[in-house]
Amino acid sequence: MMQLLATASLKTKYGTFTETLFYDGQKEVITLHMGDLNDAEQVYCRLHSSCIYGHYFNSLECDCQEQMDSAMAQIAEAGKGIVVLLDQEGKGNGHLALMKSKAFKAKGMKQGAAYVAAGYQEEARDFKPAAKALLHFKMQSVALDSENKHKRAALLEEGLLLV
């Protein structure tokens with residue numbers, strides 16, 4: 001069960017967002033949204049996993065911060081949208097997996113294949129907590145900014161309509 005813990009406004013370089021903090025019994029789930037989402041259709045939505053390299057270390061080896069910036073800019077331009085931030089570093093495998101996968105990625109492997117070569121899962125993230133947080137906003141439909149089949153499946157399984 002997803003529990004709402006707090007809501008507050010957050011001023012960013014893209015404008016003022018509403019931050020909502022949820023707890024799923026194991027981890028916190030954070031959403032940032034702009035605009036009235038209740039009954040809204042085709043709401044831009046990004047599911048975004050934490051990334052130590054991109055968000056804290058400004059690594060040039062990763063585009064996570066660019067993806068977050070792009071999502072927030074799109075939301076600000078449209079005046080409506082939502083980002084769900086999940087604490088799932090290294091596609092859910094953790095930071096050690098990310099570090100160990102770097103040698104394989106340097107050989108030209110894509111990130112998922114590099115995780116497998118390093119002994120981890122290609123995709124270990126759980127997107128159901130994100131879907132449950134999104135249900136709180138009672139949107140009619142979501143325009144998911146991703147082709148990730150795991151993200152899409154989790155949202156559909158929880159009853160969200162994707163467009």
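Me: H5 and H6 are oblique to each other. What do the axes of H5 and H6 do?

Reply: Two packed helices are described by the angle between their axes and the distance between the axes. Here the axes of H5 and helix H6 (residues 149–157) come within 8 Å. They cross at roughly 45°. Axes are lines fitted to C-alpha atoms, for helices over the stretch in contact, and angles run from 0 to 180 degrees between N-to-C directions. Under 35 degrees is roughly parallel, over 145 roughly antiparallel, 65 to 115 roughly perpendicular, and the rest oblique. This is a predicted model, in which local features need pLDDT of at least 70 and side-chain atom pairs pLDDT 80 or more, while totals for chains, interfaces and linings use all residues. Residues are numbered from 1 along each chain as its sequence is written, and side-chain values use heavy atoms, without hydrogens and water.

Me: Which hand does the crossing of H5 and H6 have, left or right?

Reply: H5 passes H6 in a right-handed crossing. Helices (H or I, at least four residues) and strands (E, at least two) are DSSP runs, numbered from the N terminus.

Me: Which residues of H5 and H6 meet?

Reply: Contact means heavy atoms within 4.5 Å. From H5 come Lys128, Ala131 and Leu134. From H6 come Ala154, Leu155 and Glu157. By class, this contact has four nonpolar, no polar and two charged residues. Ala, Val, Leu, Ile, Met, Phe, Trp, Tyr, Cys and Pro count as nonpolar, Asp, Glu, Lys and Arg as charged, and the others, Gly among them, as polar.

Me: Which residues of H6 are buried?

Reply: Buried is under 20% relative accessible area, exposed over 50%, partly exposed in between (1.4 Å probe, protein chains only). In H6, Lys151, Ala154 and Leu155 are buried. They cover an arc of only 95° around the axis, so they sit on the same side of H6. That arc is taken from the directions from the helix axis to the C-beta atoms. Lys149 and Glu157 are exposed on the other side of H6. The buried residues of H6 pack against strand S4 (43–49), H5 and S6.

Me: What does alanine 154 touch?

Reply: Alanine 154 is buried at a relative accessible area of 6%. Setting aside neighbours within four places in sequence, alanine 154 contacts Phe127, Lys128 and Ala131.

Me: Which residues of H5 are buried?

Reply: Pro129, Ala130, Ala131, Ala133 and Leu134 are. Their cover includes strand S2 (15–23), strand S3 (28–34), S4, S5 and H6.

Me: Where does serine 141 lie, and is serine 141 buried or exposed?

Reply: Serine 141 is in the loop between H5 and S6. Its relative accessible area is 5%, so serine 141 is buried. Not counting residues up to four places away in sequence, serine 141 touches Ala40, Glu41, Gln42, Val43, Leu161 and Val163. Leucine 161 lies in the segment after H6.

Note on methods
Left-handed = near helix turned anticlockwise from the far one by under 90°.
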